Amino acid sequence: MRQAAGSLATRQIGEVLGLDTGIRGKLEPLRGKLTKLADRSWLHKRPDGKFTARP
């Protein structure tokens, strides 16, 4: 997240992690984990659904 220039969508994060992004069922657990990290203030979730690193 810190190396990215801006915000990332869940699909982009999945691609970097090597997940099969063509199947929606593979992305939903990742989206849940990213949301939990945002709830714990490790990440920031933007209103458009993309995630950014907290400064």
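1. Packing of helix 1 and helix 2. In this predicted model, helix 1 spans residues 10-17 and helix 2 spans residues 24-39. The two pack at an angle of about 105 degrees, and their axes lie 10 Å apart. Angles of 65 to 115 degrees count as roughly perpendicular, so helix 1 is roughly perpendicular to helix 2.

2. Residues at the contact. Helix 1 contributes Thr10, Arg11, Ile13, Gly14 and Leu17. On the side of helix 2, the residues that meet them are Leu27, Leu30, Arg31 and Leu34. By class, the residues of this contact divide into five nonpolar, two polar and two charged.

3. Threonine 21. This residue sits in the loop between helix 1 and helix 2. Leaving aside residues up to four places away in sequence, threonine 21 touches Arg11, Gly14, Glu15 and Leu27. Among these, Arg11 and Gly14 in helix 1 and Leu27 in helix 2 also belong to the contact between the two helices.

4. Glutamine 3. Glutamine 3 lies in the segment before helix 1. Is glutamine 3 buried or exposed? Its relative accessibility is 82%, and the cut-off for exposed is over 50%, so glutamine 3 counts as exposed.

5. Glutamine 3 and alanine 53. These two residues are 50 residues apart in sequence. In space, the C-alpha to C-alpha distance between glutamine 3 and alanine 53 is 9.3 Å.

Terms used:
Residues numbered from 1 in each chain as written. Predicted model: local features only at pLDDT ≥ 70, side-chain atom pairs only at ≥ 80, totals over all residues. Heavy atoms only, no water. Axes fitted to C-alpha atoms, helices over the stretch in contact; angles between N-to-C directions. Helix = DSSP H or I, 4+ residues; strand = E, 2+ residues; numbered from the N terminus. Parallel < 35°, antiparallel > 145°, perpendicular 65-115°, else oblique. Contact = heavy atoms within 4.5 Å. Nonpolar A, V, L, I, M, F, W, Y, C, P; charged D, E, K, R; others polar. Buried < 20%, exposed > 50% of the residue type's maximum accessible area, 1.4 Å probe, protein only.
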